[in-house]
Each structure stands twice: as C-alpha cells, then as structure tokens.
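Welcome! Please take a moment to look over the sequence and the structure below before reading on.

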Amino acid sequence: MDHLEFFPYHNRLIEFIYLGKRKKGVVLDAIPYSEKRVGTEYAFIPVGNLITWRDASEAEKKQLQETIDIKNISKAELSGLQHA
C-alpha cells in the first residue's frame with residue numbers, strides 16, 4: 001500500500017496481511033522521521049499490547065511495537081468496533 005491507500009486505516013484497529021502473515025492491531029506514524037529508514041515505515045501495535053502501550057513510557061513503547069513498512073501491507077480491513 002502507498003500512503004493514499006493506507007490513509008483510511010491509519011490509527012484504526014485493522015486486520016491485514018503483512019509479508020504473508022495475518023496481523024491485527026493499530027498502525028500509526030509514531031516513529032520519528034529521523035529514525036525512519038524509509039518514509040513508509042510506521043509503528044504497529046498488536047491488539048494484545050494496546051492498553052499496555054498506551055500507558056507505557058517511550059522506551060517501553062518501543063518494546064511493545066514493531067516497525068513495519070506499509071508498502072508490504074495487503075488486504076487491509078477495519079476490525080471490530082471503532083471509536084467515532
């Protein structure tokens with residue numbers, strides 16, 4: 001996906017295929033630009049880590065999230081209940 005294709009899923013609970021693996025969680029732009037290798041790198045927080053991540057320090061957040069390249073996302077769809 002490019003940035004325009006990904007826009008409807010940014011900061012939302014989604015399910016998607018990433019490099020052949022099914023994932024569920026939130027993808028957001030939480031990586032400082034100076035730390036990105038490419039502009040399409042985003043932070044992925046798995047659904048099981050969301051509450052812990054929300055309350056974590058910056059150092060802890062880095063342990064609870066993984067870096068993904070949205071160019072490798074396919075078949076994304078909104079998942080579960082979404083907040084308005």
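This is a predicted model: local features need pLDDT of at least 70, side-chain atom pairs count only at pLDDT 80 or more; totals for chains, interfaces and linings use all residues.

In soluble globular proteins, nonpolar side chains tend to be buried together. Here, the largest nonpolar core has 13 residues, and the members that touch the most others are Phe6, Phe16, Val27, Ile68 and Ile73. Two or more residues come from each of β1 (13-18), β3 (41-46) and β5 (73-78), with β1 giving the largest share, 3 residues.

A second, separate core holds 7 residues, among them Val26, Leu28, Ile45 and Ala56.

## A buried threonine in a loop

Thr40 belongs to the loop between β2 (21-28) and β3. Is Thr40 buried or exposed? With a relative accessibility of 10%, Thr40 counts as buried, because the cut-off is under 20%.

The side chain of Thr40 makes a polar contact of 2.6 Å with that of Asp69. Leaving out residues up to four places away in sequence, Thr40 also touches His3, Ile68, Ile70 and Lys71, as well as Asp69.

## Rings and charges

There are 2 aromatic pairs. In one of them, the ring centres of Phe16 and Phe44 are 5.5 Å apart and the planes stand at 90 degrees, so this pair is edge-to-face. Phe16 in strand β1 and Phe44 in strand β3 are 28 residues apart, so to speak linking distant parts of the chain. Both residues, Phe16 and Phe44, are buried.

Charges meet rings too. Lys36 lies over the face of Tyr42, 4.9 Å from the ring centre, while the charged end of Lys61 sits over the ring of Trp53, at 4.4 Å from its centre.

Key: Residues are numbered from 1 along each chain as its sequence is written. Side-chain values use heavy atoms; hydrogens and water are left out. A nonpolar core is a set of buried Ala, Val, Leu, Ile, Met, Phe, Trp, Tyr and Cys residues joined through side-chain atoms within 4.5 Å. Buried means under 20% relative accessible area, exposed over 50%, partly exposed in between (1.4 Å probe, protein chains only). Helices (H or I, at least four residues) and strands (E, at least two) are DSSP runs, numbered from the N terminus. A polar contact is a pair of N or O atoms within 3.5 Å; within protein, one must be able to donate a hydrogen and the other to accept it, and residues adjacent in sequence count only if both atoms are side-chain atoms. Contact means heavy atoms within 4.5 Å. Rings of Phe, Tyr and Trp (its six-membered ring) pair if their centres lie within 6.5 Å; planes under 30 degrees apart count as stacked, over 60 as edge-to-face and the rest as tilted. A charge sits over a ring if NZ of Lys or CZ of Arg is within 6 Å of the ring centre and within 35 degrees of the ring normal.
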